[in-house]
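Take a moment to look over the chain before reading on.

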Amino acid sequence: MRSGRMRQTMEKRRGRSAARAALPVSDQRKRHRSPGPERYLADTGSAYDLIAKGDLTAKDRKNIKKIKEDILLFTANGLTKVRKRVLMLCKGLKERIQPLLMDNCPPVISIGRRCVKYGYEFHWKPYSSAPVLIKPNGEKITLFVENYI
């Protein structure tokens, strides 16, 4: 049985985008201490890392860069042109990422890009709620699953 506090937390989460569900387990304990996105969607369907302006820290805002050529994305809201990216730290991966800067979207890390371009592995065993992302150096990052995402 869930406590009242747990039930309130679950109700609050339901109001948020389900896309914020994949969170490295190690970050669950730290999220109250660090600014920036609490969670990232580890997405196999996105070719790019993405971040919304509202999820940036003041330090991250200083690292916004214009892209040489606009990138067109097919989003749930239609075709979107992206003109900027930001260099920032992804605490869950413990590395710098350069997500495309969007007006409004969940924080996304691209699993496909990491596997193909950066040498990561991604494993999700049958009936498991703990997929694993393995960095090229062998470090394992266990992801958090909520509502099958």
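Start with Lys53. It counts as partly exposed because its relative accessibility is 42%.

A word on the model itself. It is predicted, so local features need pLDDT of at least 70 and side-chain atom pairs count only at pLDDT 80 or more, while totals for chains, interfaces and linings use all residues. Residues are numbered from 1 along each chain as its sequence is written, and side-chain values use heavy atoms, leaving out hydrogens and water.

Now join the two residues. The side chains of Asp103 and Lys53 meet in a salt bridge, 3.0 Å from N to O. Asp103 lies in the loop between strand E8 (100-102) and strand E9 (108-110), and Lys53 in the loop between E3 and helix H3 (58-61), so the pair ties together parts 50 residues apart in sequence. A salt bridge here is a side-chain nitrogen of Lys or Arg within 4 Å of a carboxyl oxygen of Asp or Glu. The helices (H or I, at least four residues) and strands (E, at least two) are DSSP runs, numbered from the N terminus.

How many salt bridges does the structure hold? There are seven. One of them joins Arg39 to Glu146, with the closest N and O atoms 3.1 Å apart. This pair links distant parts of the chain, 107 residues apart: Arg39 sits in the loop between helix H2 (25-28) and strand E2 (41-43), and Glu146 in the segment after strand E12 (140-144). Are these two residues buried or exposed? Arg39 counts as buried, because its relative accessibility is 7%. Glu146 counts as buried too, at 12%.

Next comes Asp49, which forms a salt bridge with Arg114; their closest N and O atoms are 2.8 Å apart. Elsewhere, salt bridges link Lys94, Glu95, Lys135 and Glu139 in a network.

Stay with H4 for a moment. Ser110 caps its N-terminal end: a side-chain oxygen of Ser110 lies 3.1 Å from the backbone nitrogen of Arg113. Such a polar contact is a pair of N or O atoms within 3.5 Å; within protein, one must be able to donate a hydrogen and the other to accept it, and residues adjacent in sequence count only if both atoms are side-chain atoms. After H4 comes Gly119, with a positive phi near 80 degrees.

Move to Lys65, in strand E4 (residues 64-75). Beyond its neighbours within four places in sequence, Lys65 is in contact (heavy atoms within 4.5 Å) with Arg83, Lys84 and Arg85. The C-alpha atoms of Lys65 and Leu100 are 9.6 Å apart, though 35 residues separate them along the chain.

Finally, step back. The chain has four helices and twelve strands. Of its 149 residues, 36% count as buried. Among contacts with a separation of 6 or more, 50% join residues 24 or more positions apart.

Methods. Buried means under 20% relative accessible area, exposed over 50%, partly exposed in between (1.4 Å probe, protein chains only).
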